[in-house]
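Here is a short tour of side-chain contacts and strand pairing in one protein model. Keep the structure in view as you read.

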Amino acid sequence: MESRAWQPVVEIDSAGLALAIDAHGRWTVGRNETSARPVDEVLAWLLPVLERPWRHVAALPLPALAPTPPWEDVLRVAIGWPSTSGYWQSKALEWFEDGWPLDGFHGLLGELKDAPGTPQSVRHRALRLWKAGRA
C-alpha cells in the first residue's frame, strides 16, 4: 500500500465524508485527515453506504493490502439501530436479500424478527432471512 497520511477510499456522502486508510493502515472516517476518526468510533457515519447496492460497494477498488472494509460492522449497527421507522434495518436487509452472506448474522436476524416496535414488513423480511440462514 502506498504510504500516505490519509487515503480516501470510499465516498460516503456528497458532503465529502469518506472512508479512508490512515498512515498506519487502519480504517478512518472523515472529510480530511484532521477530522478523521477511527472507524470503530463512528460506524454510524457509514450507514449511508447501505443506500447503495452491496455489489456496487463490494466492487469498489481498494488499495493493495487494504484491510477488510468494515461492512459487516455497518450491517450490525444498522440491524440494531433504534428506530420505529425501520429504515436502516430495511437497508441492511436489502444487502442480505441481494446476496450478502448471512454467515454470522443469524442471531441478529432472529432478534430483529421478534423486535417489538419494529415495522411488521421489516420483521417479516428478517424472518424470511432467518429461516434461509437455518437451511
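## Contacts in a predicted model

A search of the whole structure turns up seven salt bridges. The model is predicted.

| Salt bridge | N to O distance |
|---|---|
| glutamate 41 and arginine 37 | 3.4 Å |
| lysine 91 and glutamate 94 | 3.5 Å |
| arginine 125 and glutamate 97 | 2.8 Å |

Take the pair of glutamate 41 and arginine 37, joined by a salt bridge. Glutamate 41 is partly exposed, at 49% relative accessible area. Arginine 37 is partly exposed too, at 36%.

Where do lysine 91 and glutamate 94 lie? Both sit in helix H3, which covers residues 87–97. They are three residues apart, about one turn of the helix. Is lysine 91 buried or exposed? Lysine 91 counts as buried, because its relative accessibility is 15% and the cut-off for buried is under 20%. Glutamate 94 has 29% relative accessibility and counts as partly exposed.

Now look at the salt bridge between arginine 125 and glutamate 97, with 2.8 Å from N to O. Arginine 125 belongs to helix H5 (residues 120–134), while glutamate 97 belongs to helix H3, so this pair ties together parts that are 28 residues apart in sequence. Arginine 125 is buried, with a relative accessible area of 14%. Glutamate 97 is partly exposed, with 38%.

## Aromatic rings

How many aromatic pairs are there? The count comes to four. One of them joins tryptophan 54 and tryptophan 100. Their arrangement is edge-to-face, with 5.3 Å centre to centre and 85° between the planes. Tryptophan 54 lies in helix H1 (residues 54–58), and tryptophan 100 lies in the loop between H3 and helix H4 (106–113), so the pair ties together parts that are 46 residues apart in sequence. Tryptophan 54 is buried at 12% relative accessibility. Tryptophan 100 is buried at 11%.

Tyrosine 87 and tryptophan 88 also form an aromatic pair. Their rings are edge-to-face, at 4.8 Å centre to centre and 75° between the planes. Tyrosine 87 counts as partly exposed, at 36% relative accessibility. Tryptophan 88 counts as buried, at 15%.

Which residues form one aromatic cluster? The members are Trp54, Trp95 and Trp100.

Some rings have a charged residue over the face. Arginine 76 lies over the face of phenylalanine 105, at 4.3 Å from the ring centre. Lysine 113 takes up such a position over tryptophan 130, at 4.5 Å from the ring centre.

## The sheet

Four strands make up an open sheet. Their order is S1-S2-S3-S4, and the pairing is antiparallel. Which strands stand at the edges? They are strand S1 (6–11) and strand S4 (37–38). Each has a single partner strand, so one side of each is left without a neighbour in the sheet.

Strand S3 (residues 27–30) pairs with S4 in the antiparallel sense, over two bridges. Threonine 28 has proline 38, in S4, as its bridge partner. Strands of a sheet pair through backbone hydrogen bonds.

Conventions
Residues are numbered from 1 along each chain as its sequence is written. This is a predicted model: local features need pLDDT of at least 70, side-chain atom pairs count only at pLDDT 80 or more; totals for chains, interfaces and linings use all residues. Side-chain values use heavy atoms; hydrogens and water are left out. A salt bridge is a side-chain nitrogen of Lys or Arg within 4 Å of a carboxyl oxygen of Asp or Glu. Buried means under 20% relative accessible area, exposed over 50%, partly exposed in between (1.4 Å probe, protein chains only). Rings of Phe, Tyr and Trp (its six-membered ring) pair if their centres lie within 6.5 Å; planes under 30 degrees apart count as stacked, over 60 as edge-to-face and the rest as tilted. A charge sits over a ring if NZ of Lys or CZ of Arg is within 6 Å of the ring centre and within 35 degrees of the ring normal. Two strands pair if DSSP finds at least two bridges between them.
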